[in-house]
Amino acid sequence: MPAPIIKVDAISKSFGTFKVLDGLSMQVMPGEKLALIGPSGSGKTTILRILMTLEKIDGGHIQIDGEQLYHMERNGRLLPADERHLAKMRQKIGMVFQLFNLFPHKCVMDNVTLAPMLTKGVARAAAEKRAMQLLDMVGLADKAKAMPAQLSGGQKQRVAIARALALSPKIMLFDEVTSALDPELVEEVLNVMRKLAAETDMTMLLVTHEMGFAHDFADRVLFFDRGRIVEEGKPDEIFRHPKQERTQGFLKKIIAAGHRV
Amino acid sequence: MTQWSGYLGLILQGALVTIELTLMGSVLALIMAFLAGIGRVSRFSIVRALATIYIEFFRGTSIFVQLFWAYFVLPFVGLSLTPLLAGVLALGLNVGAYAAEVVRGAILSIGREQYEACTALNLGRWQGMRHVILPQALLVMLPTFGNNAIELLKATSVVSLISLADLTFQAQVVRSQTGSTLMPFVSVLVIYFVLALIISWGVRSLERRMARGLDGVRV
């Protein structure tokens, strides 16, 4: 059995007096597709942000690909990670945000090529060639010269996916990537993610309220509540036969709100 | 009439000095503004402290006093400046202190999500600043930079106190030589105003050019 690519061990995180994550532990295997569901404030987005080093942790350990994320091993001792160590670890991880976070002053092509050129020293020609492949993959090859403001939300999010993929991360984090989209634009983004899941062996973690998509997409579903994983299992187990009362209550509310499972 | 045109020539010479001071002062002010403005958001406390001291000192003391220091006091520590250089130094450092706060404010006005995208794409702090934050912040700075440049233009008249023959100085010369008050003072009024108009027009067109594409419409 291969080693897990993500190993989260007893992470705690508070914002002020509010405990978002309370001794959270989880493991993700290489290539696994994981859906993180749960009510807002349950900590599912926070754990993605922690994996992307956008939040600091208060306690616990995280290993990515066999290496400590927030710590460095020096002479057998664990020290807090410095910026250089974090930069090295970030190469393994990419993230797509709810609000796309494209660079509004750069055209689509430059959005995608900026990071590979700056952080990996890729030559412009090579970066643009790769960017065109990625834009083609997300169905936006004809928009390479467009500015982000000229795109629809769904198109922006597909550019954001291409931009994250351009760095060839081993792990991709998707944080409610369709929540900010008009309903008719959700499907084009989900289609890209389906394709990605089918064509690559990337590890993918997905925070979502699209229960139908989570069901089809994920190998495993984690239900978060109050900073802990209350229940986890295969999509069918979680969505059809949830064991925990809180999972049942949450799914009932979601279905009542009109989400398809 | 020929007499007037000769005096007008004097005033125009003064205008050239004023333009020279404004341009050189603005360049120094811009450099100081970016150094101190970015220094104010540095993660090193010593850099933040130095930037803050510079800004507070030059905003908190009068430009007259700064100019007198640059011209009359610096020679005592072995640094003799020409009136022009003393003027550029005082004006640039003074206006730069105000503009530094503009730079800082503009940097802070860029949303957290842009910084987070930089982190997620593994850009270094300076790479993110240089390629993502500053280009967007520049657009926020520009209108206020236009104000600062016009302030600087008008402040150039203080150099007449160290007998640099700028626009205001020449107007006084013409007044004392001709005994006419109206002609020289109307001329300098008009010239200052036209120069200020050129600055605000220039800044506005720069603004338009930089905003191109940001609102979804190709201009």
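# Briefing on helices, sheets, domains and the chain interface

Helix 5 of chain A passes helix 6 of chain A in a right-handed crossing. The structure is a predicted model. Chain A is divided into domain 1, with residues 1-92 and 173-261, and domain 2, with residues 101-168. In the model, 22 residues of chain A are in contact with 19 residues of chain B.

**Helix 5 and helix 6 of chain A**

- The axes of helix 5 (residues 153-165) and helix 6 (residues 183-199) of chain A come within 8 Å of each other and cross at roughly 20 degrees.
- Helix 5 of chain A and helix 6 of chain A are therefore roughly parallel to each other.
- On the side of helix 5 of chain A, the contact is made by A:Gly153, A:Gly154, A:Gln157, A:Arg158 and A:Ile161. Helix 6 of chain A contributes A:Leu185, A:Glu188, A:Val189 and A:Val192.
- Sorted by class, this contact of helix 5 with helix 6 of chain A holds four nonpolar, three polar and two charged residues.

**Helix 3 and helix 4 of chain A**

- Helix 3 (residues 108-120) and helix 4 (residues 124-137) of chain A have axes that come within 9 Å and cross at roughly 125 degrees.
- That angle makes helix 3 of chain A oblique to helix 4 of chain A, and the crossing of the two is right-handed.
- In helix 3 of chain A, the residues of the contact are A:Val108, A:Met109, A:Val112, A:Thr113, A:Pro116 and A:Met117. They meet A:Arg124, A:Ala127, A:Glu128, A:Ala131, A:Leu134 and A:Leu135 in helix 4 of chain A.
- Nine residues of the contact between helix 3 and helix 4 of chain A are nonpolar, one is polar and two are charged.

**The four-stranded sheet of chain A**

- Four strands of chain A form an open sheet in the order 2-1-4-5, with antiparallel pairing.
- Strand 2 (18-28) and strand 5 (67-68) of chain A stand at the edges with a single partner strand each, so one side of each is left without a neighbour in the sheet.
- Strand 1 (residues 6-15) of chain A pairs with strand 2 of chain A in the antiparallel sense over seven bridges.
- Among the bridge partners in strand 2 of chain A, A:Leu24 is that of A:Ile11, and A:Lys19 is that of A:Ser14.
- The hairpin of strand 1 and strand 2 of chain A has two residues between the strands, and A:Gly16 takes a positive phi near 65 degrees there.
- Helix 1 (residues 44-51) of chain A packs on this sheet and touches strand 1 and strand 2 of chain A. The direction of helix 1 makes about 65 degrees with that of strand 2 of chain A.

**The six-stranded sheet of chain A**

- Six strands of chain A form an open sheet in the order 8-9-10-3-11-12, and the pairing is mixed.
- The edges are held by strand 8 and strand 12 (228-233) of chain A, each with a single partner strand, so one side of each is left without a neighbour in the sheet.
- On average, neighbouring strands of this sheet are turned by 20 degrees against each other, direction ignored.
- Strand 9 (residues 171-175) and strand 10 (residues 203-207) of chain A pair in the parallel sense over five bridges. A:Leu173 stands opposite A:Leu205 in strand 10 of chain A.
- Helix 5 of chain A packs on this sheet, where it touches strand 8 and strand 9 of chain A. The direction of helix 5 makes about 170 degrees with that of strand 8 of chain A.

**Domains of chain A**

- The C-alpha centres of domain 1 and domain 2 of chain A lie 25 Å apart.
- Eight residues of domain 1 of chain A are in contact with seven residues of domain 2 of chain A.
- The side of domain 1 that touches domain 2 of chain A has six nonpolar, no polar and two charged residues.

**Interface of chain A with chain B**

- Helix 2 (83-90), strand 8 (93-96) and helix 3 of chain A each supply at least two residues of the side of chain A that touches chain B.
- The largest share of that side, four residues, comes from helix 3 of chain A.
- The side of chain A that touches chain B divides into 14 nonpolar residues, seven polar and one charged.

Definitions and conventions
Residues numbered from 1 in each chain as written. Chains lettered and ligands numbered in written order. Predicted model: local features only at pLDDT ≥ 70, side-chain atom pairs only at ≥ 80, totals over all residues. Axes fitted to C-alpha atoms, helices over the stretch in contact; angles between N-to-C directions. Parallel < 35°, antiparallel > 145°, perpendicular 65-115°, else oblique. Left-handed = near helix turned anticlockwise from the far one by under 90°. Contact = placed C-beta atoms within 7 Å. Nonpolar A, V, L, I, M, F, W, Y, C, P; charged D, E, K, R; others polar. Pairing = 2+ DSSP bridges. Domains from an automatic or database assignment.
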